[in-house]
Amino acid sequence: MFEEAILRTVDPHRSVLAEAKRLLGLDPRRAADLARPAAAASGGVEARFVLGAALRRAGDLGPSLEILGPLAAALPAVWGVQYEHGMALAGGGRCEAAATALGQAVAINPGSSLALHALGDQLTMLGRGAEAAVLHGRQVAGLAGDPRLAAGVAALFDGDGRAADAVLSGRFGMHLCDLAAVSLIADTGLRLGRFEAVAALLATVLEAAPNFLPARYRRAVALHRADEGEAALAEIAALLVARPSTPACSALRAAIRMQLGDAGGAIEDYAAALASDPNDAQLWHSRGHALRAVGRQSEAVAAYRHAIVLRPGFGEAYWSLANLKTWRFDAGEREAMATLLERGKTAAEDRAYLGFALGKALEDERHYAQAFDHYHDANALRRVAEPYDADAACDYVDHSIGVLDASFFAARAGSGDPAPDPIFVVGMPRSGSTLVEQILASHSSVESASELPDITAIARRLADGGGDYPALLPSLAPADFATLGREYLDRTRVRRRLGRPHFVDKFPGNFLHAGLIHLILPNARIIDVRRDPLACCVSLYKQAFAQGQAYSYDLADLGSAYADYRRLMAHFDAVLPGRIVHVSYEALVKAPEREIRRLLDACGLAFEPGCLRFFETAGVIRTPSSEQVRRPIFRDGLDQWRNFEPWLGPLKVALEWPITTD
């Protein structure tokens with residue numbers, strides 16, 4: 001770390017300074033205590049440098065800068081001095097000056113992962129995101145993409161201090177008292193999906209260094225990804241006070257607002273970000289999503305198309321156009337997508353999105369064999385990136401059936417919070433659940449809260465607490481179920497903007513936790529939307545999900561997942577008769593008024609004619625069916641799957657087709 005030829009002087013405090021340097025990463029305050037007398041006595045460069053570095057790492061940024069500032073000016077070619085000076089400035093929120101010092105450090109030592117990452121952080125805060133991305137993406141040992149660093153960070157968050165120290169300190173020279181190291185560790189933790197752990201780590205950092213802006217930014221990211229939207233919003237609000245014109249900060253707040261159902265606020269934030277960085281294709285694409293969610297389709301289309309102009313190989317933007325479902329590509333656009341796929345130089349993620357989009361375009365032209373080939377290739381790419389464990393999913397269902405039997409529920413009758421507010425709409429994705437949600441949200445007593453992560457988050461926390469979910473449920477007391485029900489209601493209160501008695505939580509995957517929902521909210525309604533298995537599965541196969549539906553990328557996995565869903569729902573029907581109300585998508589399409597009356601009655605709601613005109617209901621819709629449910633019910637999609645029947649053999653085998661449908 002230290003350029004000895006420059007920093008070392010003949011000093012009677014040599015042994016004391018050696019010990020102080022050793023303690024920099026372990027006990028910087030003690031290191032400062034040791035270095036201070038040496039610096040006062042000799043005034044030597046090395047002693048002052050060690051003292052400045054120790055004070056910086058101990059959080060005493062003012063005194064540190066008083067020492068490191070003059071040293072940096074006097075020694076512009078010394079990497080360690082420029083790095084420590086840059087990080088002291090960064091800790092105080094002085095982004096411009098920090099970027100200058102860290103830029104000098106990187107120029108001197110371009111192989112330093114700490115300096116590279118720290119400079120990228122400061123450039124992000126300065127609105128220079130493209131430059132930051134280049135720095136963060138360099139192939140340098142110890143940057144966030146290094147698998148060895150990832151192993152060390154995983155060990156740290158798993159509580160294996162010895163293994164973590166061997167990698168982080170021993171191999172890469174990283175210590176938790178160094179803000180640059182913590183920021184790099186946090187970035188790696190985000191890539192590993194350790195959101196709660198990253199948020200906790202950065203909370204500690206911000207207590208000691210509240211002006212270290214990269215920590216606040218990454219904590220907001222971690223909270224956002226952990227579905228703690230309100231907490232994330234508080235962090236980003238504080239950051240925007242310091243950096244009001246930084247595109248990354250405005251864009252992050254936009255994403256958080258979308259998470260919380262505030263699409264209007266998100267549109268404003270994306271506009272602010274684009275005012276500072278109008279050539280960012282990703283920002284245009286994200287703004288398109290927000291515009292689509294509130295029904296401003298023509299503006300959404302324009303945003304997606306502009307993103308493609310800025311980044312011609314932007315596969316996801318092409319897919320976003322296709323995902324409108326009502327959009328039709330022209331011949332030029334189809335040719336452009338085919339050319340991008342033929343070149344072979346397009347990134348795998350873009351190729352997958354392009355494959356789904358071109359498949360949709362060819363399907364619209366009735367070229368079904370070619371369309372299926374593109375769907376198949378796109379799904380194969382996604383399956384590599386997001387594998388699915390069908391055996392584990394089957395085991396989960398078996399486990400649930402074994403634990404959650406009739407006697408288990410009978411013994412816990414009356415448990416949970418009695419609030420009748422939630423209406424859970426569950427089932428497989430692409431089953432018609434968005435249509436049911438929109439119908440319910442057209443009632444004067446109901447509002448839509450969209451797809452909420454809160455039941456999954458509660459189940460995950462129970463499992464992370466050391467138990468095997470759902471096997472741990474019998475160990476909970478009746479009061480625990482009531483507490484969990486109140487927690488769900490508290491967590492979702494921010495999504496209830498209209499003050500109506502009921503709200504719809506339309507997260508399809510909640511069917512996996514139907515037993516937990518019954519236990520914690522016994523008076524909540526559970527609506528299971530069921531669609532013809534082949535129609536549902538083919539629709540899933542044609543859909544490029546952002547994440548979370550890994551079973552949809554293989555026909556056999558799809559059939560297995562659908563069979564697991566049916567099996568679990570059949571079990572709950574047997575042990576909790578009548579508790580779950582099943583709605584047939586096909587019946588709803590064929591006899592809308594009859595089925596809508598039946599649905600409302602099952603939810604304890606009086607019939608209102610407005611529910612028949614659900615397509616006129618304003619609101620935020622973020623699912624792939626957003627454009628379809630803004631039209632009257634149509635029968636077009638009932639038999640579309642038949643166009644691909646010649647290639648559905650693996651799906652039929654997994655479904656044990658033909659099966660009896662409801």
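In this predicted model, Arg-305 and Glu-333 form a salt bridge (a side-chain nitrogen of Lys or Arg within 4 Å of a carboxyl oxygen of Asp or Glu), with 3.0 Å between the closest N and O atoms. Because Arg-305 belongs to helix α19 (residues 297-310) and Glu-333 to helix α21 (residues 331-343), the pair ties together parts that are 28 residues apart in sequence. Helices here are DSSP runs of H or I with at least four residues, numbered from the N terminus. Arg-305 is partly exposed, at a relative accessible area of 38%, whereas Glu-333 is buried, at 11%. Buried denotes under 20% relative accessible area, exposed over 50%, and partly exposed the range in between, with a 1.4 Å probe and protein chains only.

A salt bridge also joins the side chains of Arg-598 and Glu-595, at an N to O distance of 3.6 Å. Both residues lie in helix α33 (residues 592-602), 3 residues apart, which is about one turn of the helix. Arg-598 is partly exposed, with 39% relative accessibility, while Glu-595 is buried, with a relative accessible area of 9%.

The side chains of Asp-490 and Arg-493 form a further salt bridge, at 2.8 Å from N to O; Asp-490 is partly exposed, at 47% relative accessible area.

Residues are numbered from 1 along each chain as its sequence is written, and side-chain values use heavy atoms, with hydrogens and water left out. As the model is predicted, local features need pLDDT of at least 70 and side-chain atom pairs count only at pLDDT 80 or more, whereas totals for chains, interfaces and linings use all residues.

Definitions and conventions:
Helices (H or I, at least four residues) and strands (E, at least two) are DSSP runs, numbered from the N terminus.
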